[in-house]
Amino acid sequence: MSMTAGPRDLAADTQSGTTNCSHDCMDTKPIDLGDIEVLQVLDEQGNVNPTRDPGLSDEELLSVHRAMVLSRAFDARMLTMQRQGEMGTFAPNLGQEACMIGQVWDLTKQDWFSPSYRSFGAQIQRGWPMERLFLLWSGYHEGFPPPEGINDMPFSIVIGSHVLPAVGIAMGMRRRHQQDCVVVNFGDGAMSQGAVSEALNFAMVDKAPVIFVCENNGWAISTPTQLQYATTHLAGRGIGFGMPSIRVDGNDILGMIAAMREATARARNGEGPTLIEAVTYRLSLHTTADDPKVYRDEAETEPWQQRCPIARLERLLEQRDLLKKEAAEAIRSECDALVLEARERFRNIAKARPREVFDHLYRTTPSEIEDQRAEYLRRLDRKGVD
Ligand SMILES: Cc1ncc(C[n+]2csc(CCOP(=O)(O)OP(=O)(O)O)c2C)c(N)n1
Ligand SMILES: [Mg+2]
């Protein structure tokens with residue numbers, strides 16, 4: 001059993017191979033981590049650190065496993081659809097499933113979630129129907145609004161821009177004496193945005209019930225973490241603002257849930273925000289418009305393949321006799337089937353509607369745009385297009 005979760009242990013657990021721009025942000029340099037808790041509960045062999053085990057029941061463990069498998073099945077199907085011309089550009093989240101599911105696992109319907117663009121695993125877990133996400137990523141406006149009753153913000157493409165508004169929601173909650181909280185996620189690259197520093201500061205000064213989840217996946221498109229920061233420990237930013245901060249192994253679903261439980265309890269008790277740096281790795285493309293082979297040695301990804309969050313949980317489930325290999329395969333097939341059913345529902349809705357291309361742009365359409373629309377509609381009429 002792995003009993004400790006100190007910085008050295010995490011660093012030793014996650015030594016990566018050496019490559020040109022190897023991402024090993026778990027590597028501890030001799031800097032003072034101050035009050036940052038460094039957390040790993042489920043190690044790569046599937047052993048649990050009992051002192052920080054969130055104590056999920058057998059049923060709950062199987063359920064988080066299924067949620068991660070479903071996220072991966074959706075990710076894989078989206079990529080195939082994009083390559084076949086049926087999906088727009090999107091940002092895959094292969095390898096980040098524990099971050100995705102762990103950060104929203106304990107949220108209630110009253111809590112708010114403000115995601116970045118790489119968060120569809122978490123959105124599915126929050127209750128977004130998969131066909132809606134297919135619609136969203138293929139450009140249909142029906143895909144964008146959060147489903148009725150789900151307190152999610154639309155994701156933001158402008159890096160870091162959604163973090164201050166999330167703090168604003170949390171400040172409102174505090175003033176209404178609600179016991180709810182806001183989870184906002186963003187990447188390591190977003191940490192460089194001034195607005196994110198402002199958000200951390202505002203939240204701490206106000207003791208707003210917000211949890212900042214920085215998904216440090218090693219890359220901001222082609223910029224590796226070590227070229228963007230003089231320190232690889234991004235959780236240190238929180239300490240600079242006086243904020244409790246946790247650096248958690250982001251490929252460890254139990255660690256993610258334990259970190260989130262600590263943070264949400266603090267938020268609900270009126271004790272203010274927490275910064276969680278979830279250390280993970282972007283195994284796939286930045287987006288489908290990207291080719292990482294141009295800027296990274298793919299050998300760098302190998303140690304991270306070994307740290308697969310799903311395989312790691314499966315080791316624990318096998319040890320506890322909860323899941324055999326064949327049953328795991330069956331779950332993968334069931335999840336693929338669910339994704340394919342959602343694709344059918346999406347295909348039944350997603351019919352090209354060329355007459356709508358000028359809609360939803362302006363509340364009051366400027367006259368020159370109205371002229372263009374009229375001209376365009378006349379052309380469609382001439383060509384007999386519905
Ligand atoms: C304000 C702003 N600047 C630049 C971009 C272009 N851009 C899109 S994604 C990205 C990298 C973001 O990296 P990170 O925050 O680590 O998130 P990740 O994509 O790794 O999940 C950049 C620079 C943008 N969308 N918005
Ligand atoms: Mg990143």
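**Loops, helix contacts and core**

Modeller: His177 counts as exposed, at 70% relative accessibility; the classes are buried under 20% relative accessible area, exposed over 50% and partly exposed in between, with a 1.4 Å probe and protein chains only. The model is a predicted one, in which local features require pLDDT of at least 70 and side-chain atom pairs count only at pLDDT 80 or more, while totals for chains, interfaces and linings use all residues. Residues are numbered from 1 along each chain as its sequence is written, chains are lettered from A and ligands numbered from 1 in the order in which they are written, and side-chain values use heavy atoms, with hydrogens and water left out.

His177 sits in the loop that runs between α6 (163-175) and β3 (182-187), where helices (H or I, at least four residues) and strands (E, at least two) are DSSP runs numbered from the N terminus. Although His177 is not a glycine, its phi is positive, at about 55°. Lys207 also has a positive phi, near 55°, in a residue other than glycine. The loop that holds Lys207 lies between α7 (194-206) and β4 (210-216). With a relative accessible area of 39%, Lys207 is partly exposed.

On the α6 side, the contact (heavy atoms within 4.5 Å) involves Val163, Leu164, Val167, Met171, Arg174 and Arg175. These meet Ala195, Val196, Glu198, Ala199, Phe202, Ala203 and Asp206 of α7. By class, the contact of α6 with α7 comprises nine nonpolar, no polar and four charged residues; Ala, Val, Leu, Ile, Met, Phe, Trp, Tyr, Cys and Pro count as nonpolar, Asp, Glu, Lys and Arg as charged, and the others, Gly among them, as polar.

We now turn to helix α2. It packs with helix α3 (residues 97-104) at an angle of about 130°, their axes being 9 Å apart. At this angle α2 is oblique to α3. Val64, Ala67, Met68, Ser71 and Arg72 of α2 make the contact with Glu97, Ala98 and Ile101 of α3. Five nonpolar, one polar and two charged residues make up the contact of α2 with α3.

Ala67 is buried, its relative accessible area being 12%. Apart from neighbours within four places in sequence, Ala67 is in contact with Ile101 and Gln125. Ala67 and Gly121 are 54 residues apart along the chain, and their C-alpha atoms are separated by 8.0 Å.

Helix α2 has a further partner in helix α12 (residues 309-319): the two axes come within 10 Å and cross at roughly 155°. That angle makes α2 roughly antiparallel to α12. From α2, the residues Leu61, Leu62, Val64, His65, Met68, Val69 and Arg72 meet Pro309, Ile310, Leu313, Glu314, Leu316 and Leu317 of α12. The contact of α2 with α12 has ten nonpolar, one polar and two charged residues.

The largest nonpolar core has 70 residues, of which Phe74, Phe134, Trp137, Ile211, Ile253, Leu254 and Leu313 touch the most other members; such a core is a set of buried Ala, Val, Leu, Ile, Met, Phe, Trp, Tyr and Cys residues joined through side-chain atoms within 4.5 Å. Helix α2 (residues 58-83) contributes the most to this core, with ten residues. Leaving out residues up to four places away in sequence, Trp137 touches Met78, Met87, Gly88, Thr89, Phe90, Tyr117, Phe120 and Phe155. A second, separate core numbers 24 residues, including Ala166, Val196, Ala199 and Met204.

Lastly, Arg353 is placed in the loop between α13 (325-349) and α14 (367-383). Its relative accessible area of 27% makes Arg353 partly exposed. Not counting residues up to four places away in sequence, Arg353 touches Tyr140, His141 and Glu142. Arg353 and Leu70 are 283 residues apart in sequence and, C-alpha to C-alpha, 30 Å apart in space.

Terms used
Axes are lines fitted to C-alpha atoms, for helices over the stretch in contact, and angles run from 0 to 180 degrees between N-to-C directions. Angles under 35 degrees count as roughly parallel, over 145 as roughly antiparallel, 65 to 115 as roughly perpendicular and the rest as oblique.
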